[in-house]
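Thanks for coming. I have one chain to go through today, so please look at the screen.

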Amino acid sequence: MEQHVVTGARACKRRIGASVALAVFCALPFVVFQATLQDAATKFRVEFNYLLSGWGPWMLVSAGVLCFVPVVVSIERSAYSRWALAPTIRRAYEIWGATFYLLGVLLLTQTAQISSAF
């Protein structure tokens, strides 16, 4: 019986750790690229090129973080749980999340370098 208690505590610790990491990865671009965000928000206009180049990287970062939410929720769940994901689906969410997040951060870096040049 104690083995289930230890496993439950370990699962809870893993979920909390993953939630903290997700919160850090969510907040980090807003802290690092604060000037770029302020520049894009103060000069807002509805044009395709502006929306794509100014807000596209932020949407990619947001999509990457949102892809990690089901992964964090499904950590250490039994196969019979409502919140469990199949390993292949979980791996797909992880890969898409990492791809979107990294692409968004790289585009934010490039956008910040371009905007600081002007």
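Predicted model: local features only at pLDDT ≥ 70, side-chain atom pairs only at ≥ 80, totals over all residues.

Residues are numbered from 1 along each chain as its sequence is written, and side-chain values use heavy atoms, with hydrogens and water left out.

The chain has 4 helices and 0 strands, in the order α-α-α-α along the sequence. Helices here are DSSP runs of H or I with at least four residues, strands are runs of E with at least two, and numbering goes from the N terminus. The radius of gyration is 18 Å, well over the 13 Å that the globule rule gives for 118 residues, so the chain is more spread out than a compact globule. That radius is taken over C-alpha atoms, and the rule is 2.2 Å times the number of residues to the power 0.38. The C-alpha trace spans about 65 × 25 × 20 Å along its principal axes.

On burial, 23% of the 118 residues count as buried, meaning under 20% relative accessible area with a 1.4 Å probe, protein chains only.

Contact means heavy atoms within 4.5 Å. Among contacts between residues at least 6 apart in sequence, 67% join residues at least 24 apart.

Now the residue. Threonine 36 sits in helix H2, residues 34-42. Is Threonine 36 buried or exposed? Threonine 36 is buried, at a relative accessible area of 10%. Leaving aside residues up to four places away in sequence, Threonine 36 touches Thr111, Ala112 and Ser115.

Definitions and conventions. Buried < 20%, exposed > 50% of the residue type's maximum accessible area, 1.4 Å probe, protein only.
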